[in-house]
Amino acid sequence: SHGKSAPLTCSLQSDKSHLFLTMNRKEEAVEIMRGNLPHSKEAFGEFSDEVDETYNLLASVDMAAGNLESALKYYRKSVTIRELKYGKKDRRTKAAQQLVKSITSNP
């Protein structure tokens, strides 16, 4: 398939945002990630690894900028995806839960 919601297009946009992050072009990276998120959901599914990764990247950029509320919103979405996909006892889910817990207990 072609267009913004094609898996290849979404993957390329994700790679581009990663590149911009490594170049310290955070605003551009975030703009790409946020713009690509609905297309990634359409291409890979609401609870896909790709969407989870985007939430985690957005959260980490927000954390670095001191935007704790926004970071928590994205990290909680990641927890939800991991709970549904892997279960509450999976190490990936527990790691995401622990991260949320550490942020909320040390504001």
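**Rings, charges and a core**

Mentor: We start with aromatic rings. This is a predicted model, and a search of the whole structure finds one aromatic pair.

Trainee: How are the rings of Tyr55 and Tyr74 arranged, and what is the pair called?

Mentor: A pair of aromatic rings is described by the distance of the centres and the angle of the planes. Here the centres of the Tyr55 and Tyr74 rings are 6.0 Å apart and the planes stand at 25 degrees, so the pair is stacked. The cut-off for stacked is under 30 degrees.

Trainee: Which parts of the chain does the pair link?

Mentor: Distant ones: Tyr55 belongs to helix α3 (residues 49–64) and Tyr74 to helix α4 (residues 68–86), 19 residues apart.

Trainee: Is Tyr55 buried or exposed?

Mentor: Buried means under 20% relative accessible area. Tyr55 has 3%, so Tyr55 is buried. Tyr74 has 7%, so Tyr74 is buried too. For contrast, take Lys101 in helix α5 (residues 91–105). With a relative accessibility of 54%, Lys101 counts as exposed.

Trainee: Which residue lies over the face of Tyr74?

Mentor: Lys73 does, at 4.7 Å from the ring centre. There is also a charge over the ring of Phe20: the charged end of Arg25 sits there, 4.1 Å from the centre of that ring.

Trainee: How many residues does the largest nonpolar core have?

Mentor: First the general idea: in soluble globular proteins, nonpolar side chains tend to be buried together. In this model the largest nonpolar core has 21 residues, and Met33, Tyr55 and Tyr75 have the most contacts inside it. At least two residues of this core come from each of α2 (26–44), α3, α4 and α5.

Trainee: What is Met33 in contact with, leaving aside its neighbours within four places in sequence?

Mentor: On that count, Met33 is in contact with Ser17, Leu21, Thr54, Leu57, Leu58 and Val61. Met33 is also one of the buried residues of α2, which include Ala29, Val30 and Ile32. The buried residues of α2 pack against α1 (7–22) and α3.

Trainee: Where in α2 does the kink lie?

Mentor: At Leu37, shortly before the proline Pro38; the kink is about 40 degrees. Leu37 is itself among the buried residues of α2.

Trainee: And which residue follows α2?

Mentor: Gly45 follows α2, and its phi is positive, near 105 degrees.

Notes:
Residues numbered from 1 in each chain as written. Predicted model: local features only at pLDDT ≥ 70, side-chain atom pairs only at ≥ 80, totals over all residues. Heavy atoms only, no water. Phe/Tyr/Trp six-rings, centres within 6.5 Å; stacked < 30°, edge-to-face > 60°. Helix = DSSP H or I, 4+ residues; strand = E, 2+ residues; numbered from the N terminus. Buried < 20%, exposed > 50% of the residue type's maximum accessible area, 1.4 Å probe, protein only. Lys NZ or Arg CZ within 6 Å of the ring centre and 35° of its normal. Core = buried A, V, L, I, M, F, W, Y, C linked by side-chain atoms within 4.5 Å. Contact = heavy atoms within 4.5 Å. Bend = angle between axes of the 7 residues up to and from the residue.
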